[in-house]
Amino acid sequence: MKKLLLFSVIICISFFNIANAFDLYWIGNNGNWSDGTNWSTSGGGSSCGCVPTLSDNVFFDASSFSGGGQTVTIDQVAFCKSMNWTGAVSSSTLGGSQTLNIYGSLILNASMNLTFTGSLYFKSSSMANTIKTFGKVMPSLVFDGPGGEWILQDNFSTSSSIQLTTGSLNTNNVTVSAAYFSSTDNGIRSLTLGSSTLNVSLVSYYTPAWEVSGSNVAVNAGTSTINLTGAEQQYVMFNAGGFTYYDVNFTNPANTQAYFQSGTASFHDVTIAGSGSINGDNTFNNLTLGTSSTTSLGGTQTINGTFTCDGTCSSPATLSGGTISKASDTVTINYVRLQGVTASGGATFNARSSI
């Protein structure tokens, strides 16, 4: 009898888990995510009294709102599988400040409003999840789903950070803008950039605007461009983590410290518009330093193409420390104050009008 009873309990639990996944539709105009009366199992249907779980797809459609200016408020930690706003009426809004966990895809709506300020976690463990934001400025995002994959479908922007903890993120050739991008620690993860342009703007003494480091991570930079756009005269940091990138630009000439930190990274073209420092043993096709800037080097910087470091008669550049290595051809710099820089590799090095 006891064995039979235990078997029956197991069957009930298993059945409950299978039957607990729904497609849920928002109804009732304004409301809180946590209010079960705002959810139905059909578009425009009666309330089911259920709040979405991580297994439930949620939909906001033409029957969800009676008019514009109505808001769904994330009033507690919320969960869903995929979220889809296709068909929701103009000016409907997703708001609130609690954490939202999405275990599938996200599709917003060109005419909706997004005032949501909580953290957004993507936690799927399945492949081929898609994200389409229609130009909405997103809150801070964390991609954290072992075995999961997310593919961006249009230009993507957040006023805060993008963090990749586990899983695969494919920017799919679109433009991505954020305060900073971070992928650290040891979770299994990959980043595919294609021909995307990525703009990161953070200015900080402590947090890099771009950082990929740790183990179990793969970077496929494609022909992407990463722009560090920090506009204040402080640290703008790029931590390459020893990977291969394509083009990287520190775009602000007024920046007083572009901090280029890496191990043994490789790059196509790198441009530093202002002053800065380059550390680690790196390989560049072309490396261009800002006119009349001050740059310090640490380690060996190997140049396969062109090295540009120039000042003017009235405002010389300054270059100190480290090694510039080029195997052949000629490297010529103009109006530069040199201190402790080693030239190596077999090329001819000329310093014109320099000290």
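**Aromatic rings in close-up**

**View 1. Lys123 lies over the face of Tyr121, 5.3 Å from the ring centre.** A charge sits over a ring if NZ of Lys or CZ of Arg is within 6 Å of the ring centre and within 35 degrees of the ring normal. The model is predicted: local features need pLDDT of at least 70, side-chain atom pairs count only at pLDDT 80 or more, and totals for chains, interfaces and linings use all residues. Residues are numbered from 1 along each chain as its sequence is written, and side-chain values use heavy atoms, with hydrogens and water left out.

**View 2. Tyr25 and Phe59 form a stacked aromatic pair.** Their centres are 5.0 Å apart, with 20° between the planes. Rings of Phe, Tyr and Trp (its six-membered ring) pair if their centres lie within 6.5 Å; planes under 30 degrees apart count as stacked, over 60 as edge-to-face and the rest as tilted. Tyr25 lies in strand E1 (residues 23-26) and Phe59 in strand E4 (residues 57-59), so the pair ties together parts 34 residues apart in sequence. Strands (E, at least two residues) are DSSP runs, numbered from the N terminus.

**View 3. Tyr245 and Phe267 also form a stacked pair.** The centres are 5.9 Å apart, with 15° between the planes. Tyr245 is buried at 3% relative accessibility, and Phe267 is buried at 6%. Buried means under 20% relative accessible area, exposed over 50%, partly exposed in between (1.4 Å probe, protein chains only).

**View 4. Ring pairs link a cluster.** Its members are Phe181, Trp210, Phe238, Tyr245, Phe250, Phe260, Phe267 and Phe284.

Conventions: Helix = DSSP H or I, 4+ residues; strand = E, 2+ residues; numbered from the N terminus.
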